[in-house]
Amino acid sequence: MNVPNEHMLYLAAALFAIGVLGFVVRRNVIVVLMSIELMLNAANLTFLAGARAHGGPDVSGPVFALFVIVIAAVEAAVGLALVIALFRLKRTVESDALVEMKG
Amino acid sequence: MIQSDLARVYDADTLWAVSPAIALALGVLVLLMVGVVTHARWARGAVVAGTLGLSAVLQVVVLGDPPGAVFDGTFMADHASGLWGLLFLCGTAVAWLYSLNYYGEDRPYKVEHDVMMLTTPIGMMLMAGAQDLLLFFVGLELLSVPLYALCAFRRNRTRSVEAGLKYFLLGAFGAAFYLYGAALIFSATGTLSLAVLKDFGSFSTLAMSGVALLMASVFFKISVFPFHLWVPDVYEGAPTPVTALMATGTKAAAFAFLLRVTFLLPESAAMTVATIAIVTMALGNLGALVQQDVKRMLAYSGVAHAGTVLLVVAAALGGDRQPHGALDAALYYMAAYVFTAAGAFGLLAMLEQGGDRFTHIDNLRGLARRRPYTAAALTLFMLSLGGIPLTGGFLGKYLVFYSAVRADMIGVAVIGVLLSVVALGYYLRVVVALYMQPEPASLAGVAVPARRTLLPASFATGACAALVLLLGVLPRWFLTQIGS
């Protein structure tokens with residue numbers, strides 16, 4: 001328990017930044033999904049850091065992290081189903097394939 | 001948690017307060033069972049209609065005597081969340097009615113479609129009543145995850161899958177921003193409860209950066225600048241009844257929550273929010289002006305409308321001192337928008353005829369001669385979107401701009417009004433095509449769908465049109481209902 005709280009927050013911020021960067025830079029949809037998971041885990045780490053810093057009987061921080069884990073699994077299930085649907089149509093999982101409509 | 005705590009959290013008042021959502025959840029379970037037992041259309045339809053009706057009745061009864069904060073203060077069942085809930089149910093019902101005959105023969109998983117549509121209003125209700133950052137997140141995902149799947153529901157069509165995947169990737173990205181923002185707020189303050197945050201006093205830098213991330217995520221859901229770029233593609237590619245649900249329900253639910261968390265923003269942010277609103281309106285209108293596809297045009301117009309109603313938030317921050325002034329304006333505006341936009345998207349769905357694309361503006365030319373009622377309803381919706389008097393859209397705009405004027409943002413209100421005039425340019429183009437241009441030769445032989453298959457859609461159109469007119473003609477009655 002001798003890791004300072006700020007260090008956990010810095011680590012989480014770095015994870016989040018890597019996730020954002022991966023989301024923006026990478027073209028492979030699977031890798032983009034992994035980047036989103038990194039961002040979610042950054043949020044989890046921050047929740048746990050906050051829960052440790054504030055202490056007390058309130059467990060809302062860890063409980064939020066548990067909810068995030070469950071919902072991340074739900075999102076991954078739907079997301080991978082969509083990736084499979086894309087692969088069936090286009091035979092690729094690169095986001096360059098998503099160009100039929102131009103914003 | 002000891003037993004007395006449980007009894008305190010789950011008392012009769014609490015269960016009563018969330019009974020509309022419970023009714024929907026039970027309806028979803030029953031629908032899944034019915035789907036296993038029988039494939040009869042009438043059975044599914046009866047379950048969905050019965051669930052929505054039961055939930056609406058419960059919501060009206062709860063609205064008569066709102067219990068207030070329940071579930072240990074995490075859910076607020078007040079007058080506003082009751083009204084929002086009714087609006088969500090209406091929006092879902094309209095979208096569902098339009099979806100009934102939309103997919104034609106290539107609709108492989110009919111039960112799943114209705115199950116997902118019936119799940120979304122539960123999420124919306126949780127979002128509108130959330131007094132806790134965790135509850136809002138659960139509501140957000142209950143709404144978003146079914147919508148990701150619904151967008152890609154016609155999975156043998158590239159556009160549908162593309163829309164679903166784009167919505168999913170950006171939606172999950174936005175949700176991650178929300179989570180990290182909530183985590184930062186929790187780290188800085190040690191609480192997730194909005195009520196506690198309200199009395200917290202000044203926020204540290206850490207908490208303010210959390211608020212910024214959280215707001216970015218909400219702005220993404222209501223599609224305002226600079227988070228609006230996904231809207232045209234997703235709205236165009238998704239099946240049109242799903243677009244109707246997305247355009248109305250998601251936006252209204254995210255706005256209901258935004259009004260609850262406005263206090264997180266400092267008052268000095270009023271001008272920033274007003275600028276974002278104006279830029280959003282300008283970009284939405286400019287984008288819509290150049291579109292030839294009516295569905296895409298309506299998507300850009302939805303961006304412009306999100307900008308307009310965001311002015312309410314700016315006005316609330318800037319000192320609109322009339323109690324509930326901002327909330328009244330936002331509710332009225334969104335009510336008018338939900339019925340207008342759901343009706344307009346729904347009519348496009350009806351015209352698509354077995355799911356083939358029929359949304360180019362040339363395909364609407366001369367429609368008034370062949371289908372006078374459809375053309376009249378579409379005209380009414382276009383006029384309401386443009387804010388012409390005697391329609392609900394006009395009064396919504398009036399209330400929003402009036403709220404901005406009360407907050408001494410006269411310049412902002414003037415620019416907003418001028419931008420709404422620009423918007424008339426593209427709404428009236430549709431009316432011109434309907435009534436004043438000859439029918440294209442390529443459509444001369446296209447058969448009109450049988451009246452029987454149009455029955456649900458016609459019913460939904462009639463209800464939407466009636467409500468849009470009533471909102472425009474009897475504003476006093478609706479305002480008393482909102483204000484009481």
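Biologist: Which residues lie nearest the centre of the largest cavity?
Modeller: Ala17(B), Pro20(B), Gln59(B), Phe75(B) and Ser81(B) lie nearest the centre, out of 18 residues that line the largest cavity. Keep in mind that this is a predicted model.

Biologist: Which elements give two or more residues to that lining?
Modeller: They belong to chain B: the helices α3 (19-37), α4 (41-64), α5 (79-99) and α6 (110-129), plus the strand β2 (75-77).

Biologist: And what is the lining like by class?
Modeller: The lining of the largest cavity has 13 nonpolar residues, four polar ones and one charged one.

Biologist: What volume does the largest cavity have?
Modeller: About 140 Å³.

Biologist: How many cavities of 30 Å³ or more does the search find?
Modeller: Three, when the whole structure is searched. As for the idea behind it, rolling a probe the size of a water molecule over the atoms shows where empty space is left.

Biologist: New topic, the two chains. How many residues are in contact?
Modeller: On the chain A side there are 44, and they are in contact with 45 residues of chain B.

Biologist: What area do the chains bury between them?
Modeller: Chain A and chain B bury about 3,800 Å², and 79% of that is on carbon and sulfur atoms.

Biologist: Which residues of chain A lose the most area to chain B?
Modeller: Phe64(A), Leu82(A) and Met101(A), which together make up 19% of what the chain A side buries.

Biologist: How many salt bridges and polar contacts cross the interface?
Modeller: The rule finds zero salt bridges between chain A and chain B. For polar contact, it finds four residue pairs across the interface.

Biologist: Which element of chain A gives the most to the side that touches chain B?
Modeller: That is α3(A), with 18 residues. Each of α1 (5-25), α2 (29-54) and α3 (60-90) of chain A supplies at least two residues to this side. By class, the side of chain A that touches chain B has 31 nonpolar, seven polar and six charged residues.

Biologist: Back to salt bridges. How many does the structure hold over all chains?
Modeller: Nine. In general, side chains of opposite charge can pair when their charged atoms come close. One salt bridge here is formed by Asp96(A) with Arg27(A), whose closest N and O atoms are 3.6 Å apart.

Biologist: Where in the chain are those two residues?
Modeller: Asp96(A) is in the segment after α3 of chain A, while Arg27(A) is in the loop between α1 and α2. They are 69 residues apart, and the pair links distant parts of the chain.

Biologist: What about Arg91(A), what is its phi?
Modeller: Arg91(A) has a positive phi of about 60 degrees, although it is not a glycine. Arg91(A) lies in the segment after α3 of chain A.

Biologist: Last one: which residues does the cis peptide bond join?
Modeller: Phe225(B) and Pro226(B), with omega about 0 degrees. Pro226(B) is in the loop between α10 (205-222) and α11 (230-237) of chain B.

Definitions and conventions. Residues numbered from 1 in each chain as written. Chains lettered and ligands numbered in written order. Predicted model: local features only at pLDDT ≥ 70, side-chain atom pairs only at ≥ 80, totals over all residues. Heavy atoms only, no water. Contact = heavy atoms within 4.5 Å. Buried area = accessible area lost by both parts, 1.4 Å probe. Salt bridge = Lys/Arg side-chain N within 4 Å of Asp/Glu carboxyl O. Polar contact = N/O pair within 3.5 Å; in protein donor to acceptor, adjacent residues only side chain to side chain. Helix = DSSP H or I, 4+ residues; strand = E, 2+ residues; numbered from the N terminus. Nonpolar A, V, L, I, M, F, W, Y, C, P; charged D, E, K, R; others polar. 1 Å grid on protein atoms, 1.4 Å probe; cavity = no way out; pocket = protein on both sides within 12 Å on 5 of 7 lines; lining within 4 Å. Points joined across faces, edges and corners; volume = space filled by probe spheres on them.
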